[in-house]
Amino acid sequence: MKTLAKWSIDDYHRMVEAGILQGRRVELLAGEIVEMSPETPIHYTTAKGGAKYLEELLSGKADVRFNGPITLPDSEPEPDIAIVRLPESTYRDRHPAPPDIFWVVEVAQTSLKKDLEIKSAIYAMAEILEYWVLDLSTKQVIVFRNPQAGRYVEVFAMGEGVIAPRAFENVLVSVKRLVS
């Protein structure tokens, strides 16, 4: 039987500050330091294009962060996109925390299982109100909403049309723009 040491957010931050994790693509997930999947060109291009598109739609309403950490109770994932409260200057001394976060977006190809299972549970436990997975293999957006008791109770997939995020119901996001 293998026993893993669980790391706290403070432990993880001390490791980062000490340079222990320098040069490694890792994130803290449920107290475990996990290697991040390598980014394929399509993954990077989709994430960056999605962030730019959401920045256009949400200008003056939210800060759209690209490939940056967020701090949760026992995790510090680095979602591909995080839509957080303004002003951006709030995050000079800390990463966004659950009360700051409108929703997060992960782009998935090789990481689909981790994003649908592990990350959805982590985000639901942190009560992130909305979580989207851009599934590159099916060209769909999988939407998770309404976290309760550590899981999302509303989950649906869309391959076309528009999505109105709960935080900004007057903003219509084109599924095709996100996944193509």
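P87 lies in the loop between β4 (81–84) and β5 (101–108) of this predicted model. The peptide bond that joins L86 to P87 is cis, with omega near 0°. Strands are DSSP runs of E with at least two residues, helices are runs of H or I with at least four residues, and both are numbered from the N terminus. Residue numbers start from 1 in each chain, following the sequence as written. In the predicted model, local features require pLDDT of at least 70 and side-chain atom pairs count only at pLDDT 80 or more, whereas totals for chains, interfaces and linings use all residues, and side-chain values rest on heavy atoms, with hydrogens and water left out.

The protein chain contains four helices and ten strands, in the order α-β-β-α-β-β-β-α-β-β-β-β-β-α from the N terminus. The C-alpha trace spans about 45 × 40 × 35 Å along its principal axes. The radius of gyration of the protein chain is 16 Å, which agrees with the value near 16 Å for a compact globule of 180 residues; the radius is taken over C-alpha atoms, and the globule rule is 2.2 Å times the number of residues to the power 0.38. Of the 180 residues, 46% are buried. Buried denotes under 20% relative accessible area, exposed over 50%, and partly exposed the range in between, with a 1.4 Å probe and protein chains only. Contacts are defined by heavy atoms within 4.5 Å. Among contacts between residues at least 6 apart in sequence, 51% join residues at least 24 apart.

Helix α1 comprises residues 9–18, and its buried residues are I9, Y12 and M15. These residues lie on the same side of α1, because they cover an arc of only 125° around the axis; the arc is that of the directions from the helix axis to the C-beta atoms. Elements covering the buried residues of α1 include β1 and β2. On the face turned away from the buried side, α1 carries the exposed residues D10, R14, E17 and A18. G19 follows α1 and has a positive phi, near 85°.

L57 belongs to helix α2 (residues 41–57). Its relative accessibility is 26%, so L57 counts as partly exposed. With neighbours within four places in sequence left aside, L57 is in contact with V171, L172 and V173. L57 and D74 are separated by 17 residues in sequence and by 31 Å in space, C-alpha to C-alpha.

Helix α3 has 14 residues, and the distance from its first C-alpha to its last is 19 Å, close to the 20 Å expected at 1.5 Å a residue. The expected span is 1.5 Å times one less than the number of residues. A kink of about 35° is centred on K119 in α3, the bend being the angle between axes fitted to the seven residues ending at a residue and the seven starting there. L112, K114, D115, K119, S120, I122, Y123 and A124 are buried in α3. The buried residues of this helix pack against β1 (26–29), β2 (32–35), β5, β6, β7 and β8 (151–158).

Positive phi values also occur in residues other than glycine. E127, in the loop between α3 (112–125) and β6 (130–135), has a phi near 60°. E127 is exposed, with a relative accessible area of 57%. K139, in the loop between β6 and β7 (140–148), has a phi near 55°. K139 is partly exposed, at a relative accessible area of 39%.

E130 is placed in strand β6. At 1% relative accessibility, E130 counts as buried. The side chain of E130 makes a polar contact of 2.7 Å with the side chain of R145, and it reaches the backbone nitrogen of R166 at 2.8 Å. A polar contact is a pair of N or O atoms within 3.5 Å; within protein, one atom must be able to donate a hydrogen and the other to accept it, and residues adjacent in sequence count only if both atoms are side-chain atoms. Leaving aside neighbours within four places in sequence, the residues in contact with E130 are F102, W103, V104, V143, F144, R145, Y152, P165, R166 and A167.
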